Protein chains: 2
Amino acid sequence: MTEAIAADALLDRMRHKGDVMQRDCPSRAILQHLTSRWGVLVMLALLPGPRRFSALRRRIGGVSERMLAQTLQQLEGDGMIWRRAHAVVPPHVDYGLTPLGTEAAGRILGLAGWIEDNLSDILSAAQQRAA
Amino acid sequence: MTEAIAADALLDRMRHKGDVMQRDCPSRAILQHLTSRWGVLVMLALLPGPRRFSALRRRIGGVSERMLAQTLQQLEGDGMIWRRAHAVVPPHVDYGLTPLGTEAAGRILGLAGWIEDNLSDILSAAQQRAA
DNA sequence: CAGAATCCTTTTTGATACTG
DNA sequence: CAGTATCAAAAAGGATTCTG
């Protein structure tokens with residue numbers, strides 16, 4: 001485990017502060033938005049670069065227009081993504097990660113990527129248990 | 001950004017596979033459990049070491065018994081945590097991270113820790129936008 | 001095209017009470 | 001203590017329609 005040192009440091013800090021564990025800590029709300037069902041996928045989808053609304057919708061399997069719009073607004077409100085609307089007809093709007101959002105997306109990718117990399121291990125561990 | 005290289009590698013792989021983006025990919029389900037409202041907090045709460053049910057309940061502000069039990073079962077089903085029940089009265093049950101769960105929790109801590117570390121930046125960015 | 005608005009269905013969640 | 005059962009409330013999600 002290469003990130004053991006970093007984890008320990010963070011862990012130590014959390015042991016003393018433990019903000020997220022408090023029900024009304026603002027960090028929990030941010031975490032919540034970022035880890036929401038579609039929030040995670042939106043962040044990942046934007047990592048390669050800015051995308052248009054419809055491109056995001058195609059890329060993220062299963063999102064409805066409603067949920068995508070809602071999620072984008074929420075993340076924009078948190079300062080994780082920006083939105084740029086071109087005043088043309090038909091409308092053209094694209095979204096991208098802010099510097100802050102890029103950092104967050106990196107961490108999300110850290111988790112999502114790990115899952116994908118270890119999917120077979122995870123699934124077999126889960127299956128063993130089911131037996 | 002120190003993890004730029006790792007992120008690029010993962011990103012590249014995702015660009016070609018992009019499993020999570022597919023609505024029926026099993027990795028999305030795992031991700032979903034891990035990033036669920038209480039799942040994240042349970043994983044973080046177990047990172048320092050095994051804990052009893054009631055200890056977890058106290059530590060995680062706002063969970064109901066029901067949600068905690070449900071979340072624990074789900075994560076246990078995914079092979080992320082183990083459960084050990086001592087046959088005594090009154091009952092004594094504790095939970096801990098499996099090796100797999102420990103790795104996952106590390107990634108989650110990566111995100112949660114980043115949020116806590118940058119909370120003031122995040123909140124001010126969000127506020128600016130609201131103005 | 002990018003959404004806002006509306007309506008309706010499905011999940012999730014929280015209290016509360018009950019049990020081994 | 002560590003849950004399960006039940007019920008009611010709330011939130012999330014989906015489908016459809018409409019507009020600049």
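**Up close with DNA strand C**

Guide: Let's start at a phosphate oxygen of DNA strand C: a polar side-chain atom of A:Gln73 sits 2.5 Å from it. That falls under polar contacts, meaning pairs of N or O atoms within 3.5 Å. Bear in mind that this is a predicted model, where local features need pLDDT of at least 70, side-chain atom pairs count only at pLDDT 80 or more, and totals for chains, interfaces and linings use all residues. Residues are numbered from 1 along each chain as its sequence is written, chains are lettered from A and ligands numbered from 1 in the order written, and side-chain values use heavy atoms, without hydrogens and water.

Zooming out a bit, 17 residues surround DNA strand C, with A:Ser54, A:Gln73, A:Arg83, A:Tyr95 and B:Arg66 the closest. Being near takes one heavy atom within 4 Å. By type, the surface has six charged, three polar and eight nonpolar residues.

Who supplies them? Chain A's α4 (53–59), α5 (65–77) and β3 (92–97), plus chain B's α3 (37–46) and α5 (65–77), each bring at least two residues. The top contributor is α5(A), with three. Helices need at least four residues and strands at least two, as DSSP runs.

Conventions:
Polar contact = N/O pair within 3.5 Å; in protein donor to acceptor, adjacent residues only side chain to side chain. Nonpolar A, V, L, I, M, F, W, Y, C, P; charged D, E, K, R; others polar.
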